[in-house]
Amino acid sequence: MTTYVNASCQCELNAFRVTFDTTFLPISNEICHCSTCRHSSGQMALCHVAIEGVPLNRANGLSVHSSRSSSRSGFRNIDDIERSSSRPRKETGIHHHPSPTLALNAGCIARPILEVGEEHEMPYDLGDMTAYKTSPDVTRYFCTSCSAQLFWVHHMDDGDVWKVAVGVLDRTEGVVKRGIHIWVGDTLDGGVADQLRVIGGIKMPRYREIAGGEELVLGWRADCFTRTYESSAEPTSSGGQLKAFCHCRTISFVVSRPSEVSLFPSAAYPDLLYPYGVSRMSEIVNSNDEKWWLRPKLSLHPTKYLAGHCMCRFCRQCSGFEIQSWAFIPLANILAPGSTNSLCLEVDEKRPAGLKQFISSPGEYKEFCGTCGATVFSWKAGTPDLINISVGLLDEENSGARAEDWLEWHRERVSHQEKALSPSLAKALQEGIKHFWNQIDSTFLVDPTDALT
Ligand SMILES: [Zn+2]
Ligand SMILES: [Zn+2]
Ligand SMILES: [Zn+2]
Ligand SMILES: [Zn+2]
């Protein structure tokens with residue numbers, strides 16, 4: 001049996017379907033925290049699952065099942081194409097299909113040539129995706145318009161293996177089984193893996209590198225970070241700059257510590273972490289003009305910024321991962337490297353070179369690297385001086401992937417968890433952040449070497 005799942009990016013320029021062997025569902029998968037995944041996407045981790053064959057055109061938006069399964073990699077041949085539709089076939093007689101790898105090497109996007117089949121069985125045209133090679137044998141694809149991560153393709157001797165980014169799937173429950181965290185060692189501080197520990201009652205192991213290797217304990221930190229967890233607001237270093245960069249390094253910037261200028265923005269909302277429609281008005285109107293992005297909250301001498309996770313549909317489909325982590329930073333504190341000038345996002349001639357803008361709706365902007373596809377910023381026209389920074393870009397060597405010397409993570413809730421595609425994942429993260437901080441507060445201050453799970 002074959003199961004088809006529709007998928008699309010936020011702007012819907014890319015809308016396709018992918019194929020799974022029903023007998024293997026739900027698919028166990030790996031949440032990858034490696035530096036390449038983080039800096040090429042802007043996310044704190046990425047999750048891809050292997051599909052059968054290549055992405056396909058949609059079957060008029062419907063999920064269909066077939067008793068035949070397709071080949072594991074490469075383009076399917078006529079014998080593999082399922083025959084459940086009643087629509088007449090097109091005969092093309094074309095039996096030539098160049099590999100995406102070869103097309104990429106020739107400097108263009110792969111456009112699989114139709115071998116034979118009905119429209120919805122045709123390989124999906126990759127023309128509206130941008131390809132980015134993160135290693136000689138791996139190509140990632142993202143939406144050219146909204147930058148959603150879409151595919152991770154492993155070029156192997158016997159053909160290409162395609163994996164789809166889980167965040168763009170129409171459904172994950174029953175399809176994707178959360179498994180394990182891999183390459184957590186790259187985060188240098190455990191990253192978001194420490195906050196996503198148990199799902200459906202099953203512990204998710206945190207591997208330093210690949211699955212089955214060394215497991216890391218909760219609270220693990222790389223040797224280069226000798227400081228233990230503290231609930232104190234005092235950062236390790238009171239000054240300095242927090243570096244951030246995308247994988248291809250086209251985009252790089254630094255964040256400075258809170259200063260007087262950090263007070264200038266005014267936000268209409270008290271905290272970005274409360275959804276409209278299901279919250280009380282008192283929660284979603286910042287009537288006292290609180291500078292909630294500065295932490296500790298209400299401190300006369302804030303040293304950090306607020307950060308939190310969002311699981312709304314917009315973030316998910318824009319990123320390709322179900323969890324988008326944002327840090328809320330005044331634009332005045334976001335500087336060009338080696339400069340004291342803050343970045344400019346509103347004047348075309350002064351914008352950082354290579355930074356592409358996606359306008360999701362009037363006055364709402366997402367900024368991303370046009371080369372590697374990493375999500376960089378999101379911001380609103382009404383508050384152009386307060387910017388959401390995609391946390392996956394932060395230089396883990398500065399302060400770890402969670403950058404706790406710079407960021408105070410929201411401890412209570414995950415933004416828009418009510419709208420998460422996967423309620424079980426949202427519940428796991430929500431419980432994980434509360435549990436994590438409770439343990440940090442109650443245990444690490446007593447004995448920071450305690451090995452918790
Ligand atoms: Zn898109
Ligand atoms: Zn990775
Ligand atoms: Zn880049
Ligand atoms: Zn969101």
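## A buried strand

In this predicted model, strand S8 (residues 138–143) is largely enclosed by the rest of the structure, because five of its six residues are buried. A residue counts as buried here when 20 or more other C-beta atoms lie within 10 Å of its own.

## The two hairpins of S8

S8 takes part in a hairpin with S7, and two residues lie between these strands. The pairing of S7 with S8 is antiparallel and comprises six bridges. Within it, tyrosine 132 has arginine 140 of S8 as its bridge partner.

A hairpin is also formed by S8 and S9, this time with five residues between the strands. In the turn, serine 147 shows a positive phi of about 75 degrees. Strand S9 (residues 149–156) pairs with S8 in the antiparallel sense through five bridges, and phenylalanine 142 stands opposite glutamine 149 of S9.

## The surrounding sheet

These strands belong to an open sheet of seven strands, arranged in the order S7-S8-S9-S10-S4-S3-S11. The pairing within this sheet is mixed. Strand S7 (129–135) and strand S11 (176–182) are the edge strands, each pairing on one side only. From one strand to the next, the twist averages 30 degrees.

Elsewhere in the order, strand S4 (residues 46–50) and strand S10 (residues 159–165) run antiparallel and are joined by three bridges. Histidine 48 has its bridge partner in S10, namely alanine 165. In general, the strands of a sheet pair through backbone hydrogen bonds, in either a parallel or an antiparallel manner.

## The nonpolar core

The largest nonpolar core contains 107 residues. Those that touch the most other members are Ala45, Leu150, Val164, Tyr305, Ala327 and Ile389. Helix H6 (residues 423–444) gives the most to this core, contributing six residues. Nonpolar side chains tend to be buried together in soluble globular proteins.

Alanine 327 illustrates the contacts of one such residue. With neighbours within four places in sequence left aside, alanine 327 is in contact with Tyr305, Ala307, Ile389, Val391 and Leu407.

## The protein as a whole

The secondary structure of the protein consists of six helices and 24 strands. Of its 453 residues, 44% are buried. Where contacts link residues at least 6 apart in sequence, 64% of them join residues at least 24 apart.

Note on methods. Residues numbered from 1 in each chain as written. Chains lettered and ligands numbered in written order. Predicted model: local features only at pLDDT ≥ 70, side-chain atom pairs only at ≥ 80, totals over all residues. Helix = DSSP H or I, 4+ residues; strand = E, 2+ residues; numbered from the N terminus. Buried ≥ 20, exposed ≤ 12 C-beta atoms within 10 Å, placed from the backbone. Contact = placed C-beta atoms within 7 Å. Core = buried A, V, L, I, M, F, W, Y, C linked by C-beta atoms within 7 Å. Pairing = 2+ DSSP bridges. Axes fitted to C-alpha atoms, helices over the stretch in contact; angles between N-to-C directions.
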